Amino acid sequence: MTLDPTIAAILARARQAGLPEYWELTPQDARRQHNEKAPVLGAPYVDLFRVEDRAVPGPAGDVPVRVYTPRRPAGPAPVLVWLHGGGHVVGSLESYDTLCRQLAAQSGCLLVSVDYRLAPEHKFPAAVEDSFAALTWVAENAAAIGADPDRIAVGGDSAGGNLAAVCTILARDAGAPPLRYQLLVYPATAPYPDSPSQRELAEGYLLTRRNILWFHDHYLRGEQDREDFRWAPLLVDDLGGLPPALVIVAGYDPLRDEGIAYAERLREAGNVVELINYEGMIHAFFSMSGAVDDAREAVARAAAGLRAGLAR
């Protein structure tokens, strides 16, 4: 396994910039820094047929969402409900706008990006509750946005991958909404950050162990939450009966091993799973398609998976 040269150059520039890590900041300052950095390596802006901000009912008030319609509707379209990353503390509709436009344009899916509540103002399980409420709203109100209620996928990266995995389990257990596909990009799935990749890649690869622990401390209410599958889907005894999954991981990502472990558990339970390990990549590379070849390929693979998984 060799670090991609473009990634190595990006990491070198990040070190030279000398920006503080998230754990050195307040959550509010971390959000500002994240929103400023997010567009820097993203793909060029893509103009779509329509982009609309809405609000959908949630358990603690309205949940903001952004609906991306890639082309003029010719009938109900497949839809991806996207849950952004950011450790449940940072991330926003704006910081993921470029990536969502790319996924919508390349997949041909409607895309609903969910601005769930963030910690520490709203601790676990607020993000789960908002995400599942938005997913349920999309299924129950598909006609309002031009979506096909029988062709729904859920996806996300990092903390969003965690939320997407949890939502598929909740949907299975509730018997609704019916999901056809899940897209999990370097998902957080384990109760504790103690895998070999968490230890071996603790420093130097953008997502550091101190940042991970900072995210955990802000999101979780206490140690008891680590035993809740809505925090750690690897805890679920039975992962059978879930929709087909594409799991994307990165070789130099501390979350690598738990993403692989979750893919293997899904497969062992009889689900259809495609696991792709971009060995030279780091955490967050999926949002770097403006500069990194493997990121462009990963987004294209994700879009192709969505097209196939949500075909009529």
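**View 1. The buried residues of α1 in the predicted model.** Ile7, Ile10 and Leu11 are the buried residues of α1, where buried means under 20% relative accessible area and exposed over 50%, with a 1.4 Å probe and protein chains only. These residues lie on the same side of α1 because they cover an arc of only 100° around the axis, the arc being that of the directions from the helix axis to the C-beta atoms. What covers them includes β8 (273-282). The exposed residues Pro5 and Gln16 sit on the face of α1 turned away from its buried side. This is a predicted model, in which local features need pLDDT of at least 70 and side-chain atom pairs count only at pLDDT 80 or more. Residues are numbered from 1 along each chain as its sequence is written.

**View 2. The span and the two ends of α1.** Helix α1 (residues 5-17; helices are DSSP runs of H or I, at least four residues) has 13 residues and reaches 18 Å from its first C-alpha to its last, close to the 18 Å expected at 1.5 Å a residue. At the N-terminal end, aspartate 4 caps α1, with a side-chain oxygen 2.9 Å from the backbone nitrogen of threonine 6. Just after α1, glycine 18 takes a positive phi of about 70°.

View 3. A cavity is a set of points on a 1 Å grid over the protein atoms alone where a 1.4 Å probe fits but cannot get out, and lining residues have an atom within 4 Å of a point. The count comes to 1 cavity of 30 Å³ or more, and about 50 Å³ of space lies in the largest cavity. Its lining residues include Asn162, Tyr192, His216, Trp231 and Glu258.

How values were computed. Heavy atoms only, no water. Expected span 1.5 Å × (residues − 1). Contact = heavy atoms within 4.5 Å. Polar contact = N/O pair within 3.5 Å; in protein donor to acceptor, adjacent residues only side chain to side chain. 1 Å grid on protein atoms, 1.4 Å probe; cavity = no way out; pocket = protein on both sides within 12 Å on 5 of 7 lines; lining within 4 Å. Points joined across faces, edges and corners; volume = space filled by probe spheres on them.
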